[in-house]
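Colleague: Can you take me through this one? I have a few quick questions.
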Amino acid sequence: MKINILIYWITTGLVSTLMLASASMYFINTEEVKEIFVRLNYPAYLVIPLAVAKILAVIAIVSRWSKTLKEWAYVGLLIDFSLAFFAHYEAQDGGHTLAAFAIMTLLISYLFEKRL
């Protein structure tokens with residue numbers, strides 16, 4: 001049981017750190033991130049709402065206030081990571097490897113959360 005808790009918190013910590021770092025970059029370097037979004041064929045107006053959504057998802061996953069909210073946070077992050085993977089893969093800019101890592105880490109976090 002202890003190993004399950006350890007794996008859960010390590011993977012959840014990695015996902016949370018990645019999302020909080022990403023959200024802070026979206027707020028700090030908004031114009032640069034908007035340019036990247038446009039290059040990846042996403043609308044630039046999504047940058048700030050997506051940053052807020054990432055922060056809220058981390059809060060929902062870590063806080064454990066609501067099981068339903070937590071499930072939706074996992075789904076939202078999976079959709080975000082999947083879209084990032086395919087956008088970076090199509091752009092051939094190498095960003096898809098980080099997105100693939102994020103997907104795997106998120107799935108491990110989710111699976112081990114179910115074991116707790």
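Modeller: Go ahead, but note that this is a predicted model. A place to start is Y8, which is in contact with I61, K70, Y74, S109, F112, E113 and L116, leaving aside neighbours within four places in sequence.

Colleague: Where does Y8 sit?

Modeller: Y8 is in helix α1, residues 2-28.

Colleague: Is Y8 buried or exposed?

Modeller: Y8 counts as buried because its relative accessibility is 0%, and the cut-off for buried is under 20%.

Colleague: How far is Y8 from L111?

Modeller: The C-alpha atoms are 8.2 Å apart in space, while in sequence the two residues are 103 apart.

Colleague: Which residues of α1 are buried, and what do they pack against?

Modeller: The buried ones are N4, Y8, T11, T12, V15, S16, M19, S22, A23 and Y26. They pack against α2 (30-39), α3 (47-63), α4 (67-91) and α5 (96-115).

Colleague: New topic. How many residues are in the largest nonpolar core?

Modeller: That core has 15 residues, and V15, M19, I61, L77, F81 and L106 have the most contacts inside it. Two or more residues come from each of α1, α3, α4 and α5.

Colleague: What does F81 touch?

Modeller: Beyond four places in sequence, F81 touches V15, M19, A99, A102, I103 and L106.

Colleague: And what does the second core include?

Modeller: The second core is separate and has 6 residues, among them A23, Y26, F37 and A51.

Key: Residues numbered from 1 in each chain as written. Predicted model: local features only at pLDDT ≥ 70, side-chain atom pairs only at ≥ 80, totals over all residues. Heavy atoms only, no water. Helix = DSSP H or I, 4+ residues; strand = E, 2+ residues; numbered from the N terminus. Buried < 20%, exposed > 50% of the residue type's maximum accessible area, 1.4 Å probe, protein only. Contact = heavy atoms within 4.5 Å. Core = buried A, V, L, I, M, F, W, Y, C linked by side-chain atoms within 4.5 Å.
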